[in-house]
Amino acid sequence: MWDEFSLPTCLLCGGFTSRLQDAVLWFSSGGSKSFLHMDTVDNINCMMSGVKEWFIVDLEHSELIDMDHGEGDYCSVNVDKVDMLKYPSLQNLPWWSAHLEPGDCIFMPYGWAHQVTSLFRNIAVNIWWTPLNSFNSTDCEGGDINSSKANLSNFKFTTGEQLRFMALKVIKQHGGSVSYDVINRLIVGEHTGERLITKERFSLLDKDQDGHLTEDDVMSIPADVVDEAFGLNATRRGKYPR
């Protein structure tokens, strides 16, 4: 069905197309609810049918939420009947709401907690991509963006850039260099908790083979090699502890 859906025009320039991670078709007969959770990617969700109600918390205040299921960065709170004794951080939490109908899209930034309720028969498509370090406007100039080539089948979706992004965050948090033991412990499979960086995979990332990973090591490796180093494909995602 990749030919049936198009990348939103706002993502066709600026560098997004080189960092696309995954696309998901969501559908239900209505009445479904997500957990309160956060994603380690940027996300745009577009409605085709039905209605979605969104509960949204910004990045700063999302850090206050007790994500008691760390393997997937989600909170098991009952969103319809919140136990304020079990989840005291939710008592004074600033939040926003959004009401999406067919034709509406919402951008959900990296690290923003959200919960989604689907009403009626419900169909939506979302696109995940690795957050940009900077916006490159050069291919947006002149207004010659060709939306006729926006079919998802025209783009490469890979986990490599997202995994590079996670590795770089771990390296920065540890002063610019990490050993195998550190990164093995910190980067795990989403939902599984599997330790993704084995010694063999570490050697793929450690370009100069000095036993430590630096930003230069990780930035010098092609995205497909990063993919291989994490032992992942486009159907599995990794995460690191916040």
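Colleague: Which residues touch the most other members of the largest nonpolar core?
Modeller: This is a predicted model. Its largest nonpolar core has 21 residues. Val170, Val178, Ile183, Ile187, Phe202, Leu205 and Leu213 touch the most other members.

Colleague: What makes a set of residues a nonpolar core?
Modeller: The members must be buried, come from a list of residue types that includes Val, Ile, Leu and Phe, and be joined through side-chain atoms within 4.5 Å. Nonpolar side chains tend to be buried together in soluble globular proteins.

Colleague: How many salt bridges does a search of the whole structure find?
Modeller: Three.

Colleague: Why is the contact of Arg19 with Glu161 called a salt bridge?
Modeller: The closest N and O atoms are 3.8 Å apart. The cut-off is within 4 Å, so the pair qualifies. This pair links distant parts of the chain. Arg19 sits in the segment before strand E1 (20–28), Glu161 in helix H2 (residues 160–173), and 142 residues separate them.

Colleague: Why are Arg19 and Glu161 called buried?
Modeller: Buried means under 20% relative accessible area. Arg19 has 13%, so Arg19 is buried. Glu161 has 15%, so Glu161 is buried too.

Colleague: What makes Arg164 and Glu161 a salt bridge?
Modeller: Their side chains meet at 3.1 Å, N to O. That is within 4 Å, so the pair counts. Arg164 is buried, and so is Glu161. They are three residues apart in helix H2, so about one helical turn separates them. Shared partners join Arg19, Glu161 and Arg164 into one network of salt bridges.

Colleague: How do you know that Asp80 forms a salt bridge with Lys33?
Modeller: Their closest N and O atoms are 3.7 Å apart. The limit is 4 Å, therefore this is a salt bridge. The pair links distant parts of the chain, 47 residues apart. Asp80 is in the loop between strand E5 (74–75) and strand E6 (96–100), and Lys33 is in strand E2 (residues 32–33).

Colleague: Buried, exposed or partly exposed: what are Asp80 and Lys33?
Modeller: Asp80 has 58% relative accessible area, over 50%, so Asp80 is exposed. Lys33 has 42%, between the 20% and 50% limits, so Lys33 is partly exposed.

Colleague: Which residues form a nonpolar patch on the surface?
Modeller: Met1, Leu25, Phe27 and Met48 do. Together they have about 460 Å² of accessible area.

Colleague: What is the phi of Phe120, and what is that of Gln209?
Modeller: Phe120 has a positive phi of about 60°, though it is not a glycine. Gln209 has a positive phi of about 55° and is not a glycine either. Most residues other than glycine have a negative phi. Phe120 is in strand E8 (residues 113–129). Gln209 is in the loop between H4 and strand E11 (212–214).

Colleague: Why do Phe120 and Gln209 count as exposed?
Modeller: Exposed means over 50%. Phe120 has 57%, so Phe120 is exposed. Gln209 has 51%, so Gln209 is exposed as well.

Colleague: How do you know that Phe165 is buried?
Modeller: Phe165 has 12% relative accessibility, under 20%, so Phe165 counts as buried. Phe165 is found in helix H2. The C-alpha atoms of Phe165 and Pro131 are 8.0 Å apart, with the residues 34 apart along the chain.

Colleague: What lines the second largest pocket?
Modeller: The lining has 14 residues. Phe55, Val79, Val82, Trp95 and Gln115 lie nearest the centre. E4 and E8 each supply at least two lining residues. E4 gives the largest share, three residues. The volume of this pocket is about 300 Å³.

How values were computed
Residues are numbered from 1 along each chain as its sequence is written. This is a predicted model: local features need pLDDT of at least 70, side-chain atom pairs count only at pLDDT 80 or more; totals for chains, interfaces and linings use all residues. Side-chain values use heavy atoms; hydrogens and water are left out. Patches are made of residues with over 30% relative accessible area and no salt bridge: like charges are joined within 9 Å, nonpolar side chains (Val, Leu, Ile, Met, Phe, Trp, Tyr) within 5 Å. Accessible areas come from the Shrake-Rupley method with a 1.4 Å probe; for residues, only the protein chains shown count as cover. Helices (H or I, at least four residues) and strands (E, at least two) are DSSP runs, numbered from the N terminus. Buried means under 20% relative accessible area, exposed over 50%, partly exposed in between (1.4 Å probe, protein chains only). On a 1 Å grid over the protein atoms alone, a cavity is a set of points where a 1.4 Å probe fits but cannot get out, and a pocket is an open set with protein on both sides within 12 Å along at least five of seven lines; lining residues have an atom within 4 Å of a point. Grid points are joined across faces, edges and corners, and a volume is the space filled by probe spheres set on the points.
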